[in-house]
Every structure is written in structure tokens, then in C-alpha cells.
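Subject: Structure handover

Hello,

Here is the structure you asked for, with its sequence. My notes follow below it.

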Amino acid sequence: MSHHAADDRRYWDAALETQSRADWDALKLALLQDHLRLAYAQSPFYRQHFDAAGVRPEQLRTLDDLRRFPFTHKHILRERQLAVPPFGDLLAAPERDIVYVSASSGSTGVPTASPFTARDFDDWMDYEARQFWSSGLRPHDRYCHALNFSLFVGGPCVLGAQKLGALSIHAGTLPSERLLAVLRQFQATAMWTTPSYAWHLGETALKAGLDPRSELAVRRIFVAGEPGGSIPETRQRIEALWGAKVYDYYGLSDIFGSCAGMCEEQDGLHWAEDHILAEVLDPETGLPVADGERGELVLTTLKKTARPLIRFRTGDIVSFTTEPCRCGRTSQRMLGTHGRLDDMLIIKGVNIFPSDVEAVVRALVGFNGEYRLVVEREQHLDRLRVEAERADASPHADGELAAQLARQLKAVTGVSAEVAVLAPDTLPRATHKAKRVEDRRQQVW
Ligand SMILES: [Zn+2]
């Protein structure tokens with residue numbers, strides 16, 4: 001695909017992106033059959049893993065047959081990497097063919113490596129370019145990549161913008177003042193950060209007397225790494241701060257820097273369906289949930305030859321739809337990431353995600369959007385306290401605001417929470433991923 005394409009072209013790859021659902025399924029089935037054969041023939045781990053489960057690649061005749069194949073858990077990646085360093089024996093390509101590796105930032109244990117062959121890497125960048133194009137990025141844009149480059153799979157995505165033809169500024173994680181100076185110097189028209197950082201950076205600019213809406217040129221902000229980008233209330237507040245559109249992206253260190261992203265309609269995230277097969281499963285039963293229902297995202301690579309992943313359990317709770325999008329693209333869309341299975345709190349028997357609380361806090365004008373959840377256990381009962389900062393300009397008393405937030409939380413989540421209203425700038429601001437939950441239950445025991 002030429003990167004000299006006319007800026008008014010609507011799709012990066014029209015034939016692929018607008019094909020019928022039946023064509024998507026036929027394409028996925030053909031890719032999956034090849035990929036399972038490759039995994040069985042070339043990956044020592046998968047040969048043993050399939051044999052132990054009594055399945056062979058030839059047994060996959062429909063996409064539903066994938067359910068007969070065993071899951072790959074994150075701990076397997078860690079164990080095999082320790083057993084056969086440095087990449088583990090899931091590899092399906094010889095090490096001399098590997099040209100790039102990222103490492104997961106994983107909050108626990110040894111970081112796991114994610115290797116790519118040259119072809120895997122090119123496929124990935126072509127996909128990133130397609131996704132940026134769907135979000136309206138064009139060759140005349142100036143794109144500032146403000147994500148971490150250090151071993152992080154989000155880093156190389158800047159090359160997708162470059163492949164598309166945009167001026168690509170490899171900024172990385174600079175101090176806020178410096179990043180603002182870069183955005184201003186080059187009059188960048190687009191950037192990528194986390195949602196909490198986009199918010200923080202906008203506020204920092206305003207405090208320094210710089211109005212992002214009039215003095216900076218950023219009109220598209222790509223965000224990933226936290227559920228906020230798919231929470232309309234959060235997106236709208238970042239958009240108001242910057243006078244820009246916010247597009248949520250989803251990536252996974254073990255596969256691609258982004259595997260899905262919002263098109264200009266901002267209505268769910270188009271999935272990289274020709275690269276990664278997505279299943280949404282009930283985490284307890286392992287069975288698929290209905291279109292639109294929440295479940296755990298389980299992924300199977302379709303082309304990545306360095307290290308195939310078959311039915312990899314991500315621990316991310318998501319929902320998907322195959323309804324057509326207004327943009328004309330026919331790929332599946334992820335309607336949102338609701339959080340990690342590990343983040344799910346069970347308060348008095350009710351399941352609740354921090355992102356549910358975020359949507360409530362950010363919809364109320366009396367609050368500035370910064371919040372934290374504190375979970376405690378008192379005499380074997382879980383108690384949720386929500387701490388939220390009041391907005392500078394709110395004319396309401398703290399007591400009134402607290403009652404309003406508690407009412408809304410109860411109405412939306414079904415959970416009764418104690419609410420503490422804090423002065424603005426009380427909570428620590430995030431420069432990367434915001435820590436929104438403090439679970440003190442372990443210490444109480
Ligand atoms: Zn769309």
C-alpha cells in the first residue's frame with residue numbers, strides 16, 4: 001500500500017475493510033487453519049500442548065472448532081521462558097529470524113518477551129497505519145508519539161504513523177513542560193498518550209497560562225492503557241480541555257501495540273480481525289457470551305510466526321459487536337474495555353469495576369474528574385469509599401456533592417459507597433497509568 005495515497009481516500013484498504021461478514025469469517029478460517037498447522041509443526045510447546053489435549057490442527061473445520069483447543073495462560077509464557085531462555089519454546093521461527101522484541105511491563109513477576117520476525121513487524125506496522133487512517137490521521141498531519149519507548153510494545157506504533165506518511169515526532173515520555181514545548185514548536189496536530197496523562201497535560205498547560213484549544217494545534221488524541229478512553233464522560237472532558245477528538249486504542253504487550261482502535265465515528269474499537277481472532281468468554285464456564293455482553297477477551301494470533309498464541313487468556317473484561325459501523329467498515333468492534341479481571345471488585349456480592357465508578361464521577365459537573373477507590377474490610381464486610389476531588393468552580397457545599405455522588409453510584413452500580421469530597425489537587429496525578437484503587441483488605445486480615 002502506497003503512503004502517497006490521496007488524503008481524501010476514505011479507507012486504507014477498502015476491499016478488506018468493507019468486506020461482508022461472511023468474507024471475514026472465511027478469511028479468518030483459512031488463516032486459522034494455516035496458523036494452527038504452523039504452531040503444531042514448528043512450536044515445540046504447541047505440539048506438546050495440542051497432543052496433551054488430544055487435538056490436531058486438521059480437526060479445525062469451522063471457527064467454532066477452536067473451542068476444542070486448550071487455552072494458553074500468561075503463567076505458561078513465564079514458565080516456558082524460564083525453562084527455555086530467552087524466548088521460551090512457543091517460538092515457531094528460528095531465533096535468527098527474530099528482529100524485534102518487546103517486554104511486558106507486567107505488574108508481577110519477570111517481564112515476558114514478545115518476539116517478532118521481520119514479516120511480523122511489517123504486518124504490524126501496516127495494521128497500525130490502517131488503524132491511524134481510520135481515526136482520520138493523514139499524510140499532512142504532524143503526529144507526536146508520547147508513549148514510552150523503553151522495551152514497550154506501544155513504542156514502535158509511531159512507525160505506523162510514519163508509514164501512513166504523517167510527520168512523526170518520536171517524543172517518548174518527556175516531562176510535561178518539555179512535551180508541551182514540543183507540541184507547540186512543531187504545532188503537532190495529533191498525539192498519543194494515556195487518557196489520564198492527556199487530562200493531566202491539558203491541566204498543566206492551563207496552569208502555565210497556555211490554552212491547548214487556541215495555542216496548540218492538537219485536534220486528534222489517541223489514548224490507550226486505561227479504560228478511560230472508552231468511557232464517554234472521560235473522553236468528552238479531555239476533548240473539551242484540548243478542543244480535540246479522542247480515539248480509544250487497545251493494545252496488548254504479548255501481541256501488538258494496538259490491536260483495535262476507534263474510527264472517526266468513535267463508536268467502539270475496530271478490531272484487527274485479519275491478524276488476531278477474538279473470543280469473548282464467560283470467565284467461569286469458558287463458553288462464549290452473546291454479542292454485546294461482557295466477558296473475558298481470549299486471543300489467537302492468525303499471522304504472527306515468531307510466537308503464535310493460541311487462545312491466550314488476556315484477563316481483560318470486554319464486550320464486542322458485529323453490528324455494522326456508520327463508517328462503512330465491517331470488522332468486529334470492541335465496545336469497551338471494562339477493566340482487568342484482577343481489577344474487578346466484589347463489594348457485598350456485587351461485581352464492580354473502577355471504570356463503572358469513573359463514568360459516574362466524570363458525568364457530574366461538581367467534580368473535576370480525579371477520583372480514587374478505597375476498599376476496606378471491617379468485621380468481614382467489604383466497604384467501598386470513593387474519594388473524588390471537587391471542581392474549582394462548583395458553588396455546592398461538599399456535603400451536597402457527596403450526597404449527589406453517593407446517590408448516582410447506588411443508582412448506576414447498585415453498590416452503596418461512602419463518599420469523601422476532596423479539595424482540587426489532593427490526589428496524586430498520573431504520568432503513565434493512574435492507580436485508581438487502593439485495596440486495604442489484605443492488611444485488615
Ligand atoms: Zn467505524
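Which residue in β13 stands opposite aspartate 316? It is arginine 340. Before the rest, two remarks on the source. The model is predicted, so to speak of local features a pLDDT of at least 70 is needed and side-chain atom pairs count only at pLDDT 80 or more, while totals for chains, interfaces and linings use all residues. Residue numbers start from 1 along each chain as its sequence is written.

Domains

The domain assignment gives domain 1 (1-340) and domain 2 (345-444); such bounds come from an automatic or database assignment. Taken over C-alpha atoms, the centres of domain 1 and domain 2 are separated by 30 Å. Domain 1 gives 15 residues to the contact and domain 2 gives 14 residues, where two residues are in contact if their C-beta atoms, placed from the backbone, lie within 7 Å. On the side of domain 1 that touches domain 2, the elements giving two or more residues are α8 (195-207), α10 (232-242) and β13 (333-340). Helices (H or I, at least four residues) and strands (E, at least two) are DSSP runs, numbered from the N terminus. Helix α8 supplies the largest share of that side, four residues. By class, the side of domain 1 that touches domain 2 has four nonpolar, eight polar and three charged residues. In this scheme Ala, Val, Leu, Ile, Met, Phe, Trp, Tyr, Cys and Pro count as nonpolar, Asp, Glu, Lys and Arg as charged, and the others, Gly among them, as polar.

The sheet of 11 strands

An open sheet of 11 strands runs in the order β4-β3-β5-β6-β7-β8-β9-β13-β12-β11-β10, with mixed pairing; two strands pair if DSSP finds at least two bridges between them. At the edges stand β4 (167-170) and β10 (276-281), each with a single partner strand, so one side of each has no neighbour in the sheet. The twist averages 35° from one strand to the next. For angles, axes are lines fitted to C-alpha atoms, for helices over the stretch in contact, and values run from 0 to 180 degrees between N-to-C directions.

Strand β10 pairs with β11 (residues 295-301) in the antiparallel sense over six bridges, and alanine 278 stands opposite leucine 299 in β11. Strand β13 is joined to β12 (residues 312-321) by six bridges, running antiparallel. On its other pairing, β13 runs antiparallel to β9 (residues 269-271) with two bridges, and histidine 270 stands opposite arginine 333. Six of the eight residues of β13 are buried, so this strand is largely enclosed by the rest of the structure. A residue is buried if 20 or more other C-beta atoms lie within 10 Å of its own, exposed if 12 or fewer, and partly exposed in between, with C-beta atoms placed from the backbone.

Strand β16 (residues 367-378) and β19 pair in the parallel sense over three bridges, with leucine 373 opposite valine 437.

Cores

The largest nonpolar core has 88 residues, and Met191, Val218, Ile221 and Cys259 have the most contacts inside it. Such a core is a set of buried Ala, Val, Leu, Ile, Met, Phe, Trp, Tyr and Cys residues joined through C-beta atoms within 7 Å. Helix α5 (residues 118-134) gives the largest share of this core, six residues. A second, separate core of 20 residues includes Phe367, Tyr371, Ala388 and Ala417.

Two single residues

Glutamate 17 is found in helix α1 (residues 14-17) and is buried, with 21 other C-beta atoms within 10 Å. Leaving aside neighbours within four places in sequence, glutamate 17 is in contact with Tyr11, Trp12, Arg329 and Ser331. Threonine 62 lies in the loop between α3 (44-53) and α4 (74-83) and counts as exposed, with 10 C-beta neighbours inside 10 Å.

Regards
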